[in-house]
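Please keep the sequence and the model in view while reading.

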Amino acid sequence: WKIFIRCILGTDMAQHAQFVKDLAEITEPHDDGNTDVPQLGERSLLLLQGLLKAADISNVMKPFPIAAEWGARITQEFELHGEDHPPPVVDRQVLASGQVDFITTIVRPLWHPLIALHPPLSFVMENIQANLAEWMEVLKTPE
């Protein structure tokens with residue numbers, strides 16, 4: 001159970017920057033130039049936490065129509081802050097700006113070390129980049 005609890009606690013966004021830094025360190029070459037995945041232990045826990053964190057914020061790696069819907073729902077949730085009334089209509093420009101920021105500051109930095117550890121996951125970054133491009137187009141188009 002301790003591993004599960006630590007993995008869930010690893011999704012805490014208040015610790016995201018330090019977490020990404022720690023995760024990136026396990027992908028850096030060792031003194032001998034070896035970039036293989038390190039020995040199990042704390043590093044494997046870090047990887048498990050990274051995978052759960054990536055799953056937790058996975059909406060941005062889905063096809064754009066799905067990612068956009070989830071982005072709108074999450075934005076509405078943040079705007080409500082637990083209030084008991086219908087969700088507000090989300091301004092598309094505000095949504096796009098938030099998603100661009102989220103992708104560039106949170107999502108991509110997390111996925112870079114995950115992909116370094118397992119390059120076949122590079123398709124995920126392709127999806128993320130495609131969605132980022134879509135949101136950038138929304139920002140270029142005035143309402």
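## Helices α5 and α6

Helices α5 and α6 are roughly antiparallel to each other, a term that applies because their angle is over 145 degrees, whereas angles under 35 degrees count as roughly parallel, 65 to 115 as roughly perpendicular and the rest as oblique. The axes of α5 and of α6, which spans residues 122-140, come within 9 Å and cross at roughly 160 degrees; such axes are lines fitted to C-alpha atoms, for helices over the stretch in contact, with angles running from 0 to 180 degrees between N-to-C directions.

Sorted by class, the contact of α5 with α6 has 15 nonpolar, 8 polar and 2 charged residues (nonpolar: Ala, Val, Leu, Ile, Met, Phe, Trp, Tyr, Cys and Pro; charged: Asp, Glu, Lys and Arg; polar: the others, Gly among them).

## Basis of the model and overall make-up

This is a predicted model, in which local features need pLDDT of at least 70 and side-chain atom pairs count only at pLDDT 80 or more, while totals for chains, interfaces and linings use all residues. Residues are numbered from 1 along each chain as its sequence is written, and side-chain values use heavy atoms, with hydrogens and water left out.

The chain has 6 helices and 0 strands, where helices (H or I, at least four residues) and strands (E, at least two) are DSSP runs numbered from the N terminus. Of its 143 residues, 34% count as buried, that is, under 20% relative accessible area, with exposed meaning over 50% and partly exposed in between (1.4 Å probe, protein chains only).

## Helices α2 and α5

The axes of α2 (residues 16-25) and α5 (residues 92-117) come within 9 Å and cross at roughly 20 degrees, and the two helices are therefore roughly parallel to each other. To this contact (heavy atoms within 4.5 Å), α2 contributes H16, F19, V20, L23 and A24, and α5 contributes T105, I106, P109, L110, P113 and L114. These residues divide into 9 nonpolar, 2 polar and no charged.

## Residue A68

A68 is found in helix α4, residues 64-80, and counts as buried because its relative accessibility is 10%. Leaving aside neighbours within four places in sequence, A68 is in contact with L95 and W135. The C-alpha atoms of A68 and R92, 24 residues apart along the chain, are separated by 9.7 Å.
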